[in-house]
Amino acid sequence: MVKLSERLKGIASSSTLEMTARANALKKQGISVINLAAGEPDFPTPEFIRKATVQALEEGFTRYTPATGIPELKEAIVQKFRRDNQLSYEVPQIVVSCGAKHSLYNLLQVLCGKDDEVLFGSPYWVSYPELVRLAGATPVAVPTEKYHFRLTKEAILPRLSSRTKVILLNSPSNPTGSVYEREELEAVAELAVSKDLFLISDEIYEKLVYDGKKHHSVASFGKEVFERTATVNGVSKAYAMTGFRIGYFGGPKPLAEAVGILQSHSTSNPTSISQKAALAALTGDSSETERMAEVFRERRNRILAGLGRIAGLKAVRPEGAFYVFCDISGWGLASLEAAQRLLEEVHVAVVPGEGFGTDRHLRLSFAASAETIDEGIRRMEQWVSQGVRR
């Protein structure tokens, strides 16, 4: 009989991946499923990145690399941080990992232990509490709805304790699409400095902001906060490279060294050819990324207009990323039941809010074609009109 380790007890599976898997299983049965659950761009990886990948393969770049990434990719990340985020990291402060999620995992593993608490906003990305628990620490989900779904200083203060060690920020946010104002981040930065807290800033959606909003990196607000922040990013969302599994962070050199040791004994290096692809992405033409962001903005407007016609549903207007977070309390259903019934009865896949820390919301992705969005809205509207309580 297999006896699993204690640390895996209470760790939930990813609800986003579960819904996508269920939708794909129905598709294999020949059922027409509208997938509004996906957490990845539906665009092809830009051609120049694909060519760089093939070139790396053909040139035989298939061996081990340094555990924390090849020097030329780390230098490109340094330049990206300087160009886009006004952050002056040096190469030894950069670690390349197997996706931004892996970077977050590594950071929490080396920073936290059983006596520590990690604060993050609720609703939250489904993996945040589980990554904290895997590090042996205690996740503290801070309600943010009254603060426009942003983890502000005012939201944080009542939840601080002597055990608080890390504040985890996410802007633009998954699942709400909220984008933090500069003044809000500055206040959190000042709090972190005054209370001797560390910040992890998850900025994976930074290239996808709308309505004239501007992305700000909290680590750029002065030397003191820079020295106590890890800035996490990756190529998955901005360049439609989810399967390449390349994420990275910049942070204090001792932290980067510690993560390097951990990674050398776990995954070793990120995939060699994926690193070459990421190098092309970060140093190449950005016009495809800009085009994707504009299409996402148009799709956001389209899905919001459709959702506005559905009775009992209130959509939160996203300022970034590619999700709409919808309050379904008017339906009188818990989020899991609503998501299951939408999938089973009208074959529309969405993600229940339960995994994000709220049972009265659903997350819908607009990383789908206009036709897919329209059909999904049509099916949902028809389903609601027939009575969701039946």
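This is a predicted model: local features need pLDDT of at least 70, side-chain atom pairs count only at pLDDT 80 or more; totals for chains, interfaces and linings use all residues.

User: Fine. What makes E6 a strand that is largely enclosed by the rest of the structure?

Analyst: Buried means under 20% relative accessible area. Five of the five residues of strand E6 (residues 198-202) are buried, so the strand counts as largely enclosed by the rest of the structure. Phe198, Ile200 and Asp202 point one way, while Leu199 and Ser201 point the other way, and all are buried. In a regular strand, side chains alternate between the two faces of the sheet.

User: What makes E9 and E12 edge strands?

Analyst: The open sheet has four strands in the order E9-E10-E13-E12, with antiparallel pairing. Strand E9 (314-316) and strand E12 (351-352) each have a single partner strand, so one side of each is left without a neighbour in the sheet.

User: How do you know that E10 and E13 are joined?

Analyst: Strand E10 (residues 323-327) and strand E13 (residues 361-365) run antiparallel and are joined by five bridges. Pairing needs at least two bridges, so these strands qualify with five. Asp327 stands opposite His361 in E13. Helix H11 lies across E9, E10 and E13, and runs at about 15° to E10.

User: What is the volume of the largest pocket, and which residues lie nearest its centre?

Analyst: Its volume is about 730 Å³. The lining has 34 residues, and Leu17, Gly39, Glu40, Lys237 and Thr242 lie nearest the centre. Helix H1 (15-28), helix H4 (100-111) and helix H5 (127-134) each supply at least two lining residues. H1 gives the most, with five residues.

User: And what makes a cavity something other than a pocket?

Analyst: In a cavity a 1.4 Å probe fits but cannot get out, whereas a pocket is an open set of points. The whole structure has three cavities of 30 Å³ or more. The largest cavity has a volume of about 120 Å³. Of the 18 residues lining the largest cavity, Gly121, Pro123, Asn170, Ser173 and Tyr180 are closest to its centre. Strand E3 (117-122) and strand E5 (164-170) are the elements that give two or more residues to that lining, and E5 has the largest share with three.

User: Which peptide bonds are called cis, and what are their omega values?

Analyst: One joins Ser171 and Pro172, with omega about -10°. Another joins Asn174 and Pro175, with omega about 25°. Pro172 sits in the loop between E5 and helix H7 (182-195), and Pro175 is found in the loop between E5 and H7 too. For context, most peptide bonds are trans.

User: Why is Gln86 called exposed but His347 partly exposed?

Analyst: Exposed means over 50% relative accessible area, buried means under 20%, and partly exposed is in between. Gln86 comes out at 53%, so it is exposed. His347 has 24%, so it counts as partly exposed.

User: What about phi for Gln86 and His347?

Analyst: Gln86 has a positive phi near 55°, and it lies in the loop between helix H3 (71-85) and strand E2 (94-97). His347 has a positive phi of about 60° although it is not a glycine. Its place is the loop between helix H12 (335-346) and strand E11 (348-349). Most residues other than glycine have a negative phi.

Key. Residues are numbered from 1 along each chain as its sequence is written. Side-chain values use heavy atoms; hydrogens and water are left out. Contact means heavy atoms within 4.5 Å. Axes are lines fitted to C-alpha atoms, for helices over the stretch in contact, and angles run from 0 to 180 degrees between N-to-C directions. On a 1 Å grid over the protein atoms alone, a cavity is a set of points where a 1.4 Å probe fits but cannot get out, and a pocket is an open set with protein on both sides within 12 Å along at least five of seven lines; lining residues have an atom within 4 Å of a point. Grid points are joined across faces, edges and corners, and a volume is the space filled by probe spheres set on the points. Buried means under 20% relative accessible area, exposed over 50%, partly exposed in between (1.4 Å probe, protein chains only).
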